[in-house]
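Here is a short briefing on one protein model. Look over the sequence and the structure, then work through the points below.

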Amino acid sequence: MASETLKGLTADTLADRAYRAIRDAVTTGELRPGQKVTERGLAERLSVSPTPVREAIRRLEQDGLLERTGPRTVQVTAVGDAAIQDLAEVEVALRGMVARFAARHASPAQLDHLDAVLDEADDLLILVRQRQQAGQDVTRHLDRLLDAMQRFNEVVEACAHNPVLVRLLGQTRVFSGPERRARLIERIAGNDQFGLDRYGSHRALVRALRAGDSAAAEALVIEDARGGLGDLLAAPTAPPGTAVVSGKEG
C-alpha cells in the first residue's frame, strides 16, 4: 500500500483528498476486496489525523466500496458485476449532463482550446500509426495522445461551469485515472482498431458545443461514454497487435 496513491496530504480539503486517495487505492486493487483496514492505519499512511480519514471512510461506505466491520475497522467491499454496471450507468448519465451544461456555457476561448487540443491529438494519432506501421515503439507518443485527450475532457468539464456536477462525476467514475489508463493500454496492445469507431465524436461534440445544441452534445457523449466503458469493462479478446484509442479514455 506504500505507493503514489497514498502519499501524504497537506491541502485544506483533507477529507476530499483522503477520499480520492483511498478510493483510488480500492479501484486500482492496491486495497484488495475483503482486505481489512483501520482508520488509524490509513491516517498514518496518508500522514493526516484520523478525522478526515473517518469522513472519507463514511463517504466510501455510502459509495459501497467499504463496509464497516468494527468501531474503527472497515474492509474493502467485493463489488459485484451488477453494482459495477449500475455505477457505469450513473457515470454515463453524468457525463451527458456535463456536455449539456457545456453547450450552454462554453466560451469562445474554451471552444478554441478544445479544437487546439484535438489538432494536437490528430497529429499524435498520425504519428502513432506511422510508427506502428514501421514497427517502432509508440509508448511515448501514445502517452502524449492520452494526455491530450485527458486535457480535452478536463476542458469540456470546465466548459460546464458547474463544479457540483463535475465533483459528482469525479466521485462516481467506475475507474480511477490510473486504472482507466492501464486498461486502455491493455486494450490498445490487443487490438489495432480499438476505439477508432468513436474517435470522430470529439469533433462532432465541439461542433455541437459551438452551436449551443445541448441535446446533441449530451447524446454524443452518452453514446461515446457508454461504448467506451463497455469496452473497458469487457474482457479483452482481440489478437495481439498495437493500436490507437478513443480519446475519451473510457
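Which residues in H5 meet which residues in H10? The model is a predicted one. On the H5 side they are Leu111, Asp112, Leu114, Asp115, Leu118, Asp119 and Asp122. On the H10 side they are His202, Arg203, Val206, Leu209 and Arg210.

**How H5 and H10 lie**
- Helix H5 covers residues 108-133, and helix H10 covers residues 201-210.
- Their axes come within 10 Å and cross at roughly 170°.
- Angles over 145 degrees count as roughly antiparallel, so H5 is roughly antiparallel to H10.
- The residues of the H5 contact with H10 divide into five nonpolar, one polar and six charged.

**Glu157 in H6**
- Glu157 is found in helix H6, which spans residues 139-160.
- Is Glu157 buried or exposed? Its relative accessible area is 17%. Buried means under 20%, so Glu157 is buried.
- Which residues does Glu157 contact, leaving aside its neighbours within four places in sequence? They are Val98, Val166, Leu169 and Arg173.

**Rings and charges**
- The charged end of Arg59 sits over the ring of Tyr19. The distance to the ring centre is 4.0 Å.
- Arg104 lies over the face of Phe101. Here the distance to the ring centre is 5.2 Å.
- How many aromatic pairs are there, if ring centres must lie within 6.5 Å? The count comes to zero.

Technical notes. Residues are numbered from 1 along each chain as its sequence is written. This is a predicted model: local features need pLDDT of at least 70, side-chain atom pairs count only at pLDDT 80 or more; totals for chains, interfaces and linings use all residues. Side-chain values use heavy atoms; hydrogens and water are left out. Axes are lines fitted to C-alpha atoms, for helices over the stretch in contact, and angles run from 0 to 180 degrees between N-to-C directions. Helices (H or I, at least four residues) and strands (E, at least two) are DSSP runs, numbered from the N terminus. Angles under 35 degrees count as roughly parallel, over 145 as roughly antiparallel, 65 to 115 as roughly perpendicular and the rest as oblique. Contact means heavy atoms within 4.5 Å. Ala, Val, Leu, Ile, Met, Phe, Trp, Tyr, Cys and Pro count as nonpolar, Asp, Glu, Lys and Arg as charged, and the others, Gly among them, as polar. Rings of Phe, Tyr and Trp (its six-membered ring) pair if their centres lie within 6.5 Å; planes under 30 degrees apart count as stacked, over 60 as edge-to-face and the rest as tilted. A charge sits over a ring if NZ of Lys or CZ of Arg is within 6 Å of the ring centre and within 35 degrees of the ring normal. Buried means under 20% relative accessible area, exposed over 50%, partly exposed in between (1.4 Å probe, protein chains only).
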